[in-house]
Amino acid sequence: MTGSRRAAVLGSPISHSLSPVLHRAAYAELGLGGWTYERFEVDEEALPGFFETLGPDWAGLSLTMPLKRAVLPLLDEISETAASVDAVNTVVLHEDGRRTGDNTDIPGIVAALREHGIDTVESAAVLGAGATASSALAALARICTGEITVHVRSEARAAEMRQWAERLGVPVRIADWADAERALHAPLVVSTTPAGVTDALARAVPERPTALFDVLYDPWPTALAARWSACGGAVISGLDLLVHQAVLQVEQMTGRSPAPLDAMRKAGERALTAR
């Protein structure tokens, strides 16, 4: 694609998003001088109206919370990956007017793990049961050969995760958050909680931890990630996920492949250092 094209990330809150930094770095490397990428504060109520403003110069949208499910009625088609968790984080706006949705978080998690040498695990533990946890389950379904233990803080969340496990066809055991320290001994721990929630677990990191995937990137490192790394364990950060899912978004929106992973990562690292 050539000429002037627009893309953006939508969500609420959105001011913290690194997506503009990553996508603009990709455009520069790919020589897409006419492409722009912005951020817009948009909540669920405002989303349909925003879609009505989109003209033929728009190529795509990245979506963060709380829009990943709210966007579904506004799309013409979604991928099997997005349908597996009823969540879309990528919208491609086609020249014929079609709007198609995908979820690059799931393959992004898998790619980030593989970049750190984790292609398969016998079991895993997930901390938290929010929207990101369902994507984590879908990703683990691709690499985990055994049981996944999910530590939750409420019975309502437990019920949700049981539903997702059944839908995704993965063996899941629900455990109480009070026993979350046990999760730290799993071959792979995926933390999907908001900032500060896992800080108290840092003191319980085992002497020889295996691998931790913490989906946060700001603030970084989290107390859990810092302790994990100090004990010699492998740590995959939220920036790793953000970059890998953004690479897939750039490729879908621009039609150019491969997207410049290294340049995007370095741009993200510089932006976080400057905060």
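**View 1. Charged side chains of the predicted model.** The chain carries 24 positive and 34 negative side chains, and the centres of the two sets lie 4 Å apart. Lys and Arg are counted as positive and Asp and Glu as negative, while His and the chain ends are left out; each charge is placed at NZ of Lys, CZ of Arg, CG of Asp or CD of Glu. This is a predicted model, in which local features need pLDDT of at least 70 and side-chain atom pairs count only at pLDDT 80 or more, whereas totals for chains, interfaces and linings use all residues. Residues are numbered from 1 along each chain as its sequence is written, and side-chain values use heavy atoms, without hydrogens and water.

View 2. Helices (H or I, at least four residues) and strands (E, at least two) are DSSP runs numbered from the N terminus, and the chain has nine helices and 12 strands.

View 3. Just after α4, G117 takes a positive phi of about 80°.

**View 4. Burial in the whole chain.** Of the 275 residues of the chain, 52% count as buried, and the C-alpha atoms fill a box of roughly 55 × 35 × 30 Å along the principal axes.

Key: Buried < 20%, exposed > 50% of the residue type's maximum accessible area, 1.4 Å probe, protein only.
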